[in-house]
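Here is a friendly walk through a two-chain model, meant to be read with the structure open beside you.

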Amino acid sequence: MALSSCSLEMLNYLRLKSVEELFKDIPPKVRISGLNIPEGLSEIELRRELDAVMSKNVPASSMPCFLGGGIYNHHIPAAVRTITSRSEFITAYTPYQPEISQGMLQALFEYQSFMTELTGMDVVNSSMYDGSNALAEAILMSHRISAGKRFLISRAVSPEKKDVARVYARGADIELAEVMYHPETGLVDLNDLSAKVAGDVSGFYFETPNFFGPIETQIGEIRRILKDKVMVVGVNPMALALLKPPGELGADIVVGDAQVFGCPMNLGGPTIGLFCCKEEHVRKMPGRLIGMTTDAEGQQSFCMTLQTREQNIRRSKATSNICTNEALLAVSVAAYLALVGRNGLREIAATNVENMRSLSRRISTVKGFVSPKFRGPHFNEFVVSSELSSKEIHEGLLGRGIHGGLELDPQFPELENCALYATTEMHSESDHDRLLAALEEMA
Amino acid sequence: MRYHQALHEVPLIFEGCDRPKDEEPFDPTLGGYLPMDMVREDLGIPDLTERDVVKHFVNLSQMNFGVDNGMYPLGSCTMKYNPKICDEIVTWKTVADMHPLQDPSTIQGSLRLMYELERLLCEIAGMDAVSLQPAAGAQGEFTGVHIVRAFHEANGEVRKEVIVPDSAHGTNPASAAMVGYDVLELPSREGLVDTEALKAAVSKDTAAFMLTNPNTLGLFEKNVKEVAGIIHDSGSLLYYDGANLNAIMGKTSPGKMDFDIVHFNLHKTFATPHGGGGPGAGPVGVKGKLEEFLPVPRILEQNGQFSLDYDRPKSIGKVRAFFGNYAVLVRAYAFIRMNGGNGLTSISENAVLNSNYLKERLKDDFELPYGDLRKHEFVLSGRPLKAKGLRTIDFAKRLLDHGFHAPTIYFPLVVDEAIMIEPTESETKETLDRFADSCKAILKEDPELLRTAPHNTARRRLNEAKAARDMIFSWRDYLEKKEAPARQETGVTRA
């Protein structure tokens with residue numbers, strides 16, 4: 001290829017005739033001659049081609065969509081994008097030079113601060129990859145806190161998360177065992193938990209609200225049953241606008257996904273893994289931590305701290321291999337919470353509950369449908385059971401331009417003809433009307 | 001050259017925001033729906049105006065240095081320019097507004113893009129199959145090492161050790177340990193893998209050798225075929241850390257070098273923005289014999305229709321929920337398509353040319369261990385600074401005053417007072433010259449100016465030891481700390 005005049009000047013400076021000479025240390029037997037990839041596209045061509053490909057997608061905004069299961073469609077105030085579009089944030093990397101990176105560091109410190117307020121926990125790291133990764137790392141951390149070789153996990157957890165947890169547990173030679181949920185309430189089956197908490201168990205993970213939507217009402221009892229075992233609580237952080245923080249209920253570790261605060265669904269990624277713990281465990285914690293300090297002039301400043309836990313210092317003895325995390329999404333979360341504020345957040349959370357109650361009640365009036373399947377308070381998700389197969393309903397709704405809830409029976413055979421429905425502040429009354437009309441038609 | 005970073009007085013967002021009194025008390029039970037003993041009493045987050053929130057974060061952003069502000073030669077991180085069209089595409093509703101559990105018939109565009117990205121990455125790396133699921137390079141390593149373990153277990157073997165060179169990224173040994181392996185560290189010889197030491201290290205217990213090529217010193221491991229032979233003869237696998245892929249596109253490939261597994265760092269090589277620490281994406285590629293172990297689901301294509309295949313009994317499982325960091329994948333796909341095969345090759349040529357030019361301009365001012373020719377990055381030793389009572393960190397901090405982000409310092413560990421410089425292909429000769437001129441000028445400056453640097457940034461040098469001592473991780477910690485002396489005086493303690 002042709003070289004620019006600057007490249008030629010640089011080659012001259014290096015006393016080389018061609019760029020090829022810069023690659024003479026690569027032995028001929030491992031050389032390849034270029035890449036079989038089509039010629040590059042201009043911006044116009046790229047936009048045209050990608051638009052054509054993506055037009056085969058049906059976005060959630062083009063059809064009423066009642067999916068949740070870990071990713072939620074919430075309103076994102078326009079100003080969140082204004083803030084996270086600042087290229088000083090986007091195009092920086094990990095703030096290894098804190099003096100020139102105070103903006104990112106303070107924003108991350110504020111993210112940590114918002115999350116300690118919501119969860120009631122002492123320490124929040126500046127992000128894990130996603131909710132599933134946060135859970136997996138919590139299992140490993142429990143094992144560091146309390147040496148048992150077994151870890152208990154509620155059955156009412158998303159299969160995606162359990163799959164990820166299984167891979168991480170296998171690496172650390174930890175055995176995962178499931179604790180049943182109560183068939184009527186969907187909450188942790190305390191008898192099953194008591195029976196399974198044995199000497200070789202390091203801890204227990206359950207969620208509130210759990211995968212099926214119910215809010216866990218027995219956290220005090222669970223804490224008592226676990227005694228000194230590690231209690232890991234999974235949360236939907238938006239529900240914490242209303243609920244008592246798990247930090248006040250004896251949680252040792254709290255995990256979740258903060259995507260609900262100002263991050264697009266993005267087909268599931270990137271999202272942001274929330275990870276919090278008690279201060280006494282901080283040295284066993286994975287991930288980056290931002291701390292407050294001062295500079296040479298005594299000015300309040302921020303920097304990464306307790307890095308001796310991390311791979312760049314401790315290598316094979318590190319608490320985790322994580323390096324790149326989801327920092328930019330932590331800025332989204334902080335910006336979102338600052339924008340909606342205390343009153344706004346409580347209102348949004350309350351709207352979610354109201355929409356869920358209203359939709360669930362309406363579905364329960366359709367012949368052959370039971371909703372919610374589990375009794376007790378829910379946040380914005382609930383299980384619907386019916387006389388029709390969940391597959392039949394799913395296809396019937398899709399044919400009517402509606403994306404119904406997630407079919408549960410493939411993963412939970414005990415929940416025959418059940419599906420998981422989510423509704424948020426994004427659904428209008430008419431979205432609910434359309435779903436109801438379609439269900440009535442099929443019933 | 002004059003530079004000064006913006007300085008704004010930006011109090012923490014919680015500061016000065018006394019909790020507003022409710023005009024009408026909020027009922028968190030929502031009319032008795034939630035039990036009283038389960039709801040929170042108060043919510044300690046501030047109520048602000050949109051105007052003030054935007055001002056707060058915009059002013060913070062101005063106290064942050066990104067690639068868009070200037071040269072960011074952070075070695076091993078490939079801080080290249082991020083084309084803006086890629087950021088625009090991911091705001092489309094057809095990209096951002098998609099739920100991962102949607103019926104496959106409604107995400108055909110996304111599946112096609114991911115399927116094609118897998119094929120493009122296979123071509124670049126000389127691999128047969130790719131999974132896009134890992135969320136970052138380290139998670140890619142973790143996935144790759146799990147594949148190593150699954151491969152040996154499928155052969156009925158339990159192998160206990162993974163070998164890494166002493167110049168390896170810290171993530172390599174950390175990832176191997178997380179999959180349950182003991183890690184052996186191999187000493188380098190003249191900056192390269194010592195094949196004799198490797199032969200001595202390899203045994204029936206060796207599961208894999210993790211290597212980056214070019215390595216972290218920017219040197220191409222010329223003996224890579226011999227290394228591969230030693231590893232494969234022992235029945236173990238060769239793992240390629242793709243952090244340095246920007247040096248070799250179109251010139252060689254991990255597959256051609258006989259690597260079995262590779263992870264990519266899309267945020268490095270394929271220009272997706274680093275986001276102040278993330279998100280990234282760390283896809284994993286493998287040779288055909290290992291495809292059955294890749295994470296589920298796999299994307300299948302038949303007559304232009306795409307579907308998801310979970311029926312892979314030998315798969316390691318899942319390492320991340322759903323499809324991985326999809327919005328990052330979309331950006332990387334766009335970058336690859338905009339450059340094409342020739343463009344990618346030319347990226348590597350320019351990255352290597354820039355690196356060697358800059359190295360040549362600076363090597364006599366510092367020390368350059370281990371020969372001359374480098375690939376995309378080079379590591380100088382700041383040892384000569386010691387004569388003036390200075391260290392590499394002082395030089396790095398002073399570079400900030402000249403308007404450059406500092407290189408990676410004190411890594412790799414095999415070089416004393418290491419200064420690891422990766423200019424990338426994005427910078428022009430003029431910028432490289434300005435950088436070299438600044439480095440040279442700094443060496444002639446009053447040592448006191450370096451020792452007390454930086455001077456022109458929003459903050460002067462930080463007391464990092466104090467942060468570790470004080471352990472203030474949140475607004476709440478800060479308040480408690482501030483109140484602590486008063487509490488001590490009055491004898492108030494925490495119940």
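In chain A, strand 1 (residues 123-124) and strand 7 pair in the antiparallel sense over 2 bridges. Here strands (E, at least two residues) and helices (H or I, at least four) are DSSP runs, numbered from the N terminus, and two strands pair if DSSP finds at least two bridges between them. This is a predicted model, in which local features need pLDDT of at least 70 and side-chain atom pairs count only at pLDDT 80 or more, while totals for chains, interfaces and linings use all residues. Residues are numbered from 1 along each chain as its sequence is written, and chains are lettered from A and ligands numbered from 1 in the order in which they are written.

**Around strand 7**

Strand 7 of chain A also pairs with strand 6 (residues 253-257) of chain A, in the antiparallel sense over 5 bridges. Look for C276(A) in strand 7: V124(A) stands opposite C276(A), and V254(A) stands opposite C276(A) too. Strand 7 (residues 273-277) is mostly covered, with 5 of its 5 residues buried. A residue is buried if 20 or more other C-beta atoms lie within 10 Å of its own, exposed if 12 or fewer, and partly exposed in between, with C-beta atoms placed from the backbone. G273(A), F275(A) and C277(A) point one way from the strand, and L274(A) and C276(A) the other way.

P246(A) sits in the loop between strand 5 (230-235) and strand 6 of chain A. P246(A) counts as buried because 26 other C-beta atoms lie within 10 Å. Among the residues that P246(A) touches are T119(A), V235(A) and V254(A); contact means C-beta atoms, placed from the backbone, within 7 Å.

**Helix 13 of chain A**

Helix 13 (residues 429-442) of chain A has 14 residues and reaches 20 Å from its first C-alpha to its last, close to the 20 Å expected at 1.5 Å a residue. That expected span is 1.5 Å times one less than the number of residues. L435(A), A438(A) and L439(A) are buried in this helix. The face turned away from the buried side carries exposed residues, including E429(A), D433(A) and E440(A). Cover for the buried residues includes helix 11, strand 10 (369-370) and helix 12 (390-399) of chain A.

**Backbone details to look up**

Most residues other than glycine have a negative phi, and most peptide bonds are trans. The table gives some departures.

| Site | Feature | Angle |
|---|---|---|
| T208(A) and P209(A) | cis peptide bond | omega about -10 degrees |
| A453(B) and P454(B) | cis peptide bond | omega about 0 degrees |
| D173(A) | positive phi | near 60 degrees |
| N417(A) | positive phi | about 60 degrees |

Is D173(A) buried or exposed? D173(A) counts as exposed because it has 9 C-beta neighbours inside 10 Å, whereas N417(A), with 21, counts as buried.

**Between the chains**

Finally, 145 residues of chain A are in contact with 161 residues of chain B. The largest share of chain A's side, 15 residues, comes from helix 11 (residues 327-364) of chain A.

Notes: Two residues are in contact if their C-beta atoms, placed from the backbone, lie within 7 Å. Lists of a residue's contacts leave out its neighbours within four places in sequence.
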